[in-house]
Every structure is written in structure tokens, then in C-alpha cells.
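Please consider the model shown below.

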Amino acid sequence: MARQLEAILAGAAWPTPAESTSADGATSMKAIAVIPGRPDSVHLADLPRPSVTDVPNGRGVLVKVLRVGVDGTDKEINAAEYGAAPPGFDFLVIGHESFGRVEAVGPNVTELRTGDFVVATVRRPGASIYDRIGTYDMTTDDTYFERGINLRHGYLTEYYVDEPEYIVKVPDGLREVGVLLEPLTVVEKGIAQAYEIQRRLRVWRPRRAAVIGAGTIGLLATLVLRLRGLEVTTFGRTRKPYRNAELIESVGARYVSIQDQTLLDVAAQEGRYDLVFEASGQSSAVFESMQTLGKNGVLVLSSVTGGDKQLTIPADRINLEFVLGNKVMVGTVNANREYFELGVRDMAQAEAQYPGWLRLLLTHPVKGLDRYRELFEALTTAKGAIKIYMEIAD
């Protein structure tokens, strides 16, 4: 496996509305955009085609977009639940899960070269001290910048330009699955921070983990925890036979449908968990997860939940057990470059250890920017979808 892993691994600002001419003479390009604040406003927009000269000091990297994944965030932005357009625009180009190929680089770019496959990060720095040291995903600023989400255009377009600091090289051996890197980084960040927090214990060695939710993030969390050597039980709603359950079991984890056994029942019968990764999208699952965490355990939250759901919980008991058991709860959201690089290493290890597994997550391709309606319909209606993505170019 080590030889396989080695072989696999061997392998900015947006222009404001003004013309930018490319090598083939084109001055504009298509993009999928929404009008923030207007529900179901997704449409095909025209944008100036960017150039490496749009980034100062010769540090521009022009990327041709090949694939872009979509998820609940894109659906919610189109529903006008959040999102803001960049200054100078009345629309926001969406899409934050990118994969592309470098088309050109500025004269002072040494980190990348033409032809490299790449994935771009999502967050961009603000003014806080955390932004200034490169941990812009931990910003304390009230205003934040995320490509395809808030105040910065995203990647559902033909090209983008940015600085090399925000662009991560993907080995050629991962080109077929590179579009999964951005969602994987949410998992990488959460699990890495769980281990970082537990350095306080000096000898923390987690053995048993639970993953709550069997969607894309739950599947990737199961994979990463198995790569770390943990015994993993993943909980989902659907009963077997179920494609996601088969994927979970194929990496040596166990799948349990909550229609047959609840999380609380399993923990009561088999013991509590050292690490719980919550990815169900349900706030109620958070409080159930808190009750299944063992002493010195860590609960990682990745679900972003809206609404005003009310719950009745055993608050005193949960609080008592967290205090006396030295337990920790931590959230994970869009990651910085560190976790993208960690994700590349784990994807390479996964390809070596579980060949072809990541490809099976890419269930629903939609080809061509003009089919944006089909792309968004798939987010609501596609049965058995794990990752829905748009193929923009070959």
C-alpha cells in the first residue's frame, strides 16, 4: 500500500465589470449566479473573462474550471436564506466545491505551473488577527468572505483567477475525485482539531467513534476515521439494502439504521464513544450525541441548522456529565489551506487502501453550465444522490 500511496502523491480578487481579453480572443464567459435576497433567482450570467494580470505583483493564477460540486449551501443561497454579492455586482456567482486545471500563471508564481490540477479554498482573509496568520476560517470578524457564498464570486463558471496561496495542487492520480476535496476538508478540520484539543490529555488514544448521518459528509467522516484506525459505527435513517450503508461497510465500519436502533440504545448496550462526528443536519441529533460521549470524549459538529426547533432535553444530566467527564464539543466549517493539504494526503491513502471507493460517491453528474436548472432540481429530487456535480469542461 505504501508504494501505491507514493505513486498517487507523485503525480484572488475577481475583476469588476470591465473587459479582459484572453489568448483565444474571448472577453466574456458564462457563470451560474443568483440575485441575493430573491428566492429561486438562479440564472446564467455573463462575466468578464479573468486574466492573470487581475492579481497584482505577477502572482495571478488562471484556472479553467472542470467540475464543481453542489450541496445544501447552494440550495439555501438560491432560496435567499443567506449570501451577498461582491461589491460592484448585483448577483453572486455560486459554487464553492471546485476542481480545475491551471491555464496560466504570472511571472512571480513558482508554486504552480500550467497543466496542474487544482482545488481552490473557499474562505478569504478579513482583518482579525486570525486572518492575518492564515487561519482565516477562524475569523472573529462579523463580516466574512467566502467564494460562492458571501461577498466573493464562486466557481460555477468557466474560469477564475486567484493567488497561489488559495490554490492547492491535486496529484494527477486524484483527478477523477478531486471535486470531493472541499467537502472532505470540513471533515479533516473537525477531526484534526479534536486531536489537537486532546493534546491536553497527553495520552489520548481514541478507539471507538460514531458518525451521525450517512450523507456525503458522514461518508467522508467514516472514511477518515477508518484511515486513523478507529472502530466506527455510522448511523443513518435509511434501512438496508442501501448504497451508503454498503459504502460504509466496505471500509470496515458498521452501519446502523436509527429506524431499528437509536444512537442512545446502541451506546447503552455497547458503551460510549471516544469521538462522535455529527453530520445529520438535525439539531436534535446534537443533544443525543452529547449523551453518548464517553469520558474525555470529543463531539465534532458539522451540521448547519436553521429554523427554531424546540426540544426537551435532560439538561442537568448532560451538563453534569460534560463537567465531570472532561468532555469537549467543537464545530467545524469551511477550512483553511492546511486542511486541504491534509485532505489530499488522505484521498491518496484512501485510493491506495480502498481503491475506487471515492469514485462511487460521484453519483449525479450534470454536463454544461446551461443546464443549471437540472443541477438545482437534482438537489431536491435526485434519488440516492451522494454528490451532485456539474461537469463544465473535459
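Which exposed residues does the face of α11 turned away from its buried side carry? They are Thr380 and Thr381, where exposed means over 50% relative accessible area, buried under 20% and partly exposed in between (1.4 Å probe, protein chains only). Helices (H or I, at least four residues) and strands (E, at least two) are DSSP runs, numbered from the N terminus. This is a predicted model, in which local features need pLDDT of at least 70 and side-chain atom pairs count only at pLDDT 80 or more, while totals for chains, interfaces and linings use all residues. Residues are numbered from 1 along each chain as its sequence is written, and side-chain values use heavy atoms, without hydrogens and water.

Helix α11 spans residues 372-381, and its buried residues are Tyr372, Leu375, Phe376 and Ala378. Because these residues cover an arc of only 150° around the axis (the arc of the directions from the helix axis to the C-beta atoms), they lie on the same side of α11. Among the elements that cover them are β1 (28-34), α2 (72-78) and β19 (388-391).

The mean pLDDT of the chain is 93, pLDDT being the predictor's confidence in each residue, from 0 to 100. Over residues 2-21, however, the pLDDT is below 50. Where pLDDT is low, the predicted coordinates should not be read in detail.

How values were computed: Contact means heavy atoms within 4.5 Å.
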